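Please keep the model open as you read.

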Amino acid sequence: MVTFIIAPNLCASEQPPEPAENWTSIVRSSPYWVSQGVYENMTTIRHWVLKESGYCSDTNRHILFDMRGQFLGYIEDGNRREVTQERLNDTRRRLAASGRADSWAEGGAGTTGYPFALACNQPHVNLDEAVARYLGTLPTELIWGAWDDLAFASQEKPEPLHDALMYVYDTRLQQQRNSLPATLPKYLAGQVLIESSGQQRAHSAADAKGILQLSPSALNDCQIKPANHWHRLAQIDCALRLMSQNARNLEEPFNQRFGHLPEDKRDQLFTLLLVQAYHGGAGRVRALLNDETLSKPAAYFAGQHENFSAGDIAFGMVFHNLGRDRFGLASLYYVADVQLATQALCRTARLGDTAFCQ
């Protein structure tokens, strides 16, 4: 049996509704309230991928999910891409026929289908290994060095990468060179894990470098010379500088839209949007807050925020704009993965009961 769907069982004889013209028409017609619970649902799905667990314990599968990020079922991959796509579309039809999906759209080469599909077999970080590297479990992963006016640890007594990150953050905070939310260090640490697994010499095909995968333009903006592109203190310092710039660009429209939220919720939402901006650009996130069209979900969530978590709001703002301004599911996967990385860190004996994880 190539396709498994969570109960109720789907009957091939049930007549599916006509497919939608395309997946974006389904997104546009979905009410905003469907974003309730989407953050937790999406992080669950991404957890299966990162940990090769749950319905991704066999990586030769695709899992299907709806607008709320709710898991609907999975297929076993075919021996060719075309066979896999055929199975996905057949499952989409049957999900719609059974009423498990309100609508459906065919996917194809270069075309997104609905319900959405996520491959279990894809490049991802080994979180256990990344956490060990970040916390300096092995002596070879301990670091020391100097950058600009920063001097961390010593050759005789190197310290974990975690302590370096907190040293740079606290120093810049005391110098009033950043005014980032108190929740930011935890998520920046999560980004280190997801971006590079904490590996100093990580290097992408797009020429992003180092533990925070900084682009050549970002490194240039931070005035980091090529000889120091891989310097971990420089990478952390540059990332904080870029995030501070993003925070200044987003602060006014964010406060206009969400300034009335309770402080903890407001800080959590702002931090998640900063993570999103690091991944996709502050200009695009700013548009989610104040563009005439793209800000409509944000306006709804601002008025109904009691019914949504900070994560639901951050994801809902993107979900209801999928297909616009280059927003895609990868935007959500990145933030979900960073969240999972922070959770992995905060399950450790070293960090679990510290202020870092509060």
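## Disulfides and a helix pair

Cysteine 238 is buried, with a relative accessible area of 1% (buried means under 20%, exposed over 50% and partly exposed in between, with a 1.4 Å probe and protein chains only). This is a predicted model, in which local features need pLDDT of at least 70 and side-chain atom pairs count only at pLDDT 80 or more, while totals for chains, interfaces and linings use all residues. Residues are numbered from 1 along each chain as its sequence is written, and side-chain values use heavy atoms, leaving out hydrogens and water.

The partner of cysteine 238 is cysteine 222, which is buried too, at 8% relative accessible area. Cysteine 222 sits in the loop between α7 (216–221) and α8 (232–258), and cysteine 238 in helix α8, so the pair ties together parts that are 16 residues apart in sequence. Helices here are DSSP runs of H or I with at least four residues, strands are runs of E with at least two, and both are numbered from the N terminus.

How many disulfides does the chain have? The count comes to three, taking a disulfide as a pair of cysteine sulfur atoms within 2.5 Å.

| Disulfide | S to S distance | Angle about the S-S bond | Hand |
|---|---|---|---|
| Cysteine 56 – cysteine 120 | 2.0 Å | -70° | left-handed |
| Cysteine 222 – cysteine 238 | 2.1 Å | 85° | right-handed |
| Cysteine 346 – cysteine 357 | 2.0 Å | -90° | left-handed |

Cysteine 56 lies in the loop between α2 (38–51) and β2 (61–65), and cysteine 120 in the loop between β4 (116–119) and α4 (127–134), so their bond ties together parts 64 residues apart in sequence. Cysteine 56 is buried at 1% relative accessibility, and cysteine 120 is buried at 1% as well.

In the remaining pair, cysteine 346 belongs to helix α13 (residues 329–346) and cysteine 357 to the segment after α13, eleven residues apart. Cysteine 346 counts as partly exposed at 22%, whereas cysteine 357 counts as buried at 14%.

Now for the helix pair. The axes of α11 (residues 296–303) and α12 (residues 310–319) come within 8 Å and cross at roughly 155°; axes are lines fitted to C-alpha atoms over the stretch in contact, and angles between N-to-C directions run from 0 to 180 degrees. That makes α11 roughly antiparallel to α12 (an angle over 145 degrees). Pro297, Ala298 and Phe301 in α11 meet Ile313, Gly316 and Met317 in α12, with contact meaning heavy atoms within 4.5 Å.

Note on methods: Parallel < 35°, antiparallel > 145°, perpendicular 65-115°, else oblique.
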